[in-house]
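Okay, thanks for making time, everyone. Let me put the sequence and the model up, and then I'll talk you through a few places.

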Amino acid sequence: MKDNNHIEPILKIKDLKKSFGDNHVLNGFNLELFDGENLVVMGKSGSGKSVMIKCIVGLIQPDSGSVEIMGKDIMKLDHTELDFLRTEIGFLFQGSALYDSMTVRENLEFPLRIHKDKLKRKDELVLDALENVGLTHAIDLMPSELSGGMKRRIALARAIILHPKIIIYDEPTTGLDPITAKEIIELMREIQLKHGSSSLIITHDVDCARVISNRMILLIDGINYVEGTFKELLALKEKKVRAFFK
Amino acid sequence: MTNSVKIPSNIKTFFIEIGELSYFAGRFFKEVFSRPFEFKELLRQCYNIGNRSLLLVGVTGFILGLVFTLQSRPTLANLGVESWIPSMVSISIVREIGPVIIALICAGRISSGIGAELGSMRVTEQIDAMEVSGTNPFKYLVVTRIMATTLMVPLLIIFGDAIALFGSAIVENLKSDVSLVLYFNEVFNALKFTDIFPATIKTFFFGFAIGLVGSFKGYNCKKGTVGVGEASNTAVVYTSMLIFVIDFIAVFVFDIFFEI
Ligand SMILES: Nc1ncnc2c1ncn2[C@@H]1O[C@H](COP(=O)(O)OP(=O)(O)O)[C@@H](O)[C@H]1O
Ligand SMILES: [Mg+2]
């Protein structure tokens, strides 16, 4: 479970660099995610967390560095290969990113489009994913009819419908009230136990990090500044690190 | 930045935008012929566009025909050539006024709608979400919308022209007892192939421009809700300008071929 030098990571980021003009966002970021692990990356807002995970799925082209998913370098894949590799990754976006012209059912069916065999079983898969998040009754609603917490859960259902090996969460609890946030965290743990997936969780919510992380990385100044368990990082005296745990 | 620098930088931005728009159009032509074809989404867009603009185009067309006939009547009556009204009105409407006015209405309605819709999808990461779930968002969102406007705007213009002529016929019917049948007989006598064909061809370009600029602005929308408003707003301005440019080019080109 924990990081183990003999096992290959299923996600590996090496020396990732990305600038937007003069804004040097990532300056050589490294990360390894192992099978079954919950890795939390914390960083201030605007520190480049979203940019980093968008590089993983090829939404943003990094200036240099490499991203390997299950041993495949994503920069070297063609479009079709990349599309199929992307379906091994569930992605929960910061603001849920539900398609607001589609019903909940159509939202969940969308990721099945490129898997012809799964499309045949779509009703079953959609219901299964909705059951996981406890929202089967919302199947025919439009996103505008859902509360913030429900949206997040539907987005989570959409992210896991293909049973991905890796789930990436971009600030899963931001913008939610504390109780709903706790529910989402609980749900993330249930899903992880049920599917045995690995999670990369981006957050600046200390509570979320404490509950869910096996290991943590602090993203400061565009690099992986320190790594360790929650307790290890909590014990550090350095000012830049302390700032996260106030 | 001083004033003397600002003007050239605006001009520079303008040319960069034109370059980016051309690139965007190029990408459309590259992707429109490759699989998979999103027929279902195309039909949905066609329906949306038609449904959203039908009433607006109808009302505008009707008033256009009505007002145009009322305004030109006195002059022609003074010259004693009231009988020219059906042919004069129909030729002006079908060749020029109908297509341009209705295309401008569609720019306001459809182009801004597409700009705002795609813009908010960009800002809320819905476009990113499509991409990571293995669907090409350019194809699914942009290609279908541009095709839909290219097909639907010409139909809306034909519809608007017809309603405008109907409005004109009603004025004539009330003012000088010309029956609707007689009016439309006159109209069909007056309209020649060289009136209808070039005018119809250019409407496809109007439709293309409406979809292209709206999609371009929305798809490349900047972050923040301000970005969405700006995308929808500039989409209308650019499309309207482009409609006049296309109209000018069309008249120029068809003049060579048809000696109109
Ligand atoms: N597409 C982009 N173009 C220009 N700058 C960007 C873009 N995306 C992100 N940035 C910049 O990168 C920095 C990090 O952004 P982001 O990764 O979204 O922060 P966060 O850690 O809060 O998720 C910010 O300064 C942002 O302005
Ligand atoms: Mg972010």
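Quick housekeeping first. This is a predicted model, where local features need pLDDT of at least 70, side-chain atom pairs count only at pLDDT 80 or more, and totals for chains, interfaces and linings use all residues. Residues are numbered from 1 along each chain as its sequence is written, chains are lettered from A and ligands numbered from 1 in the order in which they are written, and side-chain values use heavy atoms, with hydrogens and water left out.

So, chain B. What is its secondary structure made of? Eight helices and zero strands, where helices (H or I, at least four residues) and strands (E, at least two) are DSSP runs, numbered from the N terminus. The C-alpha trace of chain B spans about 65 × 50 × 35 Å along its principal axes. Out of 260 residues in chain B, 47% are buried; buried means under 20% relative accessible area, with a 1.4 Å probe and protein chains only, while exposed is over 50% and partly exposed is in between.

On charge, chain B has 20 positive and 20 negative side chains, and the centres of the two sets lie 8 Å apart. Lys and Arg count as positive and Asp and Glu as negative, leaving out His and the chain ends; the charge is placed at NZ of Lys, CZ of Arg, CG of Asp or CD of Glu.

Of the contacts in chain B with a separation of 6 or more, 82% are between residues 24 or more positions apart. Contact here means heavy atoms within 4.5 Å. For one example, look at B:Thr69, in helix α2 (residues 39–79) of chain B. B:Thr69 is buried, with a relative accessible area of 0%. Leaving aside neighbours within four places in sequence, B:Thr69 is in contact with B:Ile85, B:Val89, B:Ser168, B:Val171 and B:Glu172.

Over to chain A and its strands. Strands count as paired if DSSP finds at least two bridges between them. There's an open sheet of four strands in the order β2-β1-β4-β5 in chain A, with antiparallel pairing. β2 (23–33) and β5 (72–73) stand at the edges with a single partner strand each, so one side of each has no neighbour in the sheet. Strand β1 (residues 11–20) is joined to β2(A) by eight bridges, and A:Leu11 stands opposite A:Leu33 in β2(A).

Then there's the parallel pairing. Strand β6 (residues 89–92) of chain A pairs with β7(A) over four bridges, in the parallel sense. β7(A) in turn pairs with β8(A) over five bridges, also parallel. β8 (residues 198–203) of chain A pairs in the parallel sense with β3(A), over five bridges, and four bridges join β3(A) to strand β9 (residues 215–220), again running parallel. A:Met42 has A:Thr203 as its bridge partner in β8(A) and A:Leu218 in β9(A).

Is β7(A) enclosed or open? Five of the five residues of β7 (residues 166–170) are buried, so the strand is largely enclosed by the rest of the structure. On β7(A), A:Ile166, A:Ile168 and A:Asp170 are on one side and A:Ile167 and A:Tyr169 on the other.

Last stop, the core. A nonpolar core is a set of buried Ala, Val, Leu, Ile, Met, Phe, Trp, Tyr and Cys residues joined through side-chain atoms within 4.5 Å. The largest one has 81 residues, and A:Phe29, A:Leu31, A:Met52, A:Ile56 and A:Leu200 touch the most other members. Helix α5 (residues 137–176) of chain B gives the most to this core, with 11 residues.

A:Phe29 lies in strand β2 of chain A and counts as buried at 0% relative accessibility. Beyond four places in sequence, its contacts include A:Ile13, A:Val41, A:Met52 and A:Ile217. For A:Leu200, the contacts beyond four places include A:Leu11, A:Leu31, A:Ile56 and A:Ile168.
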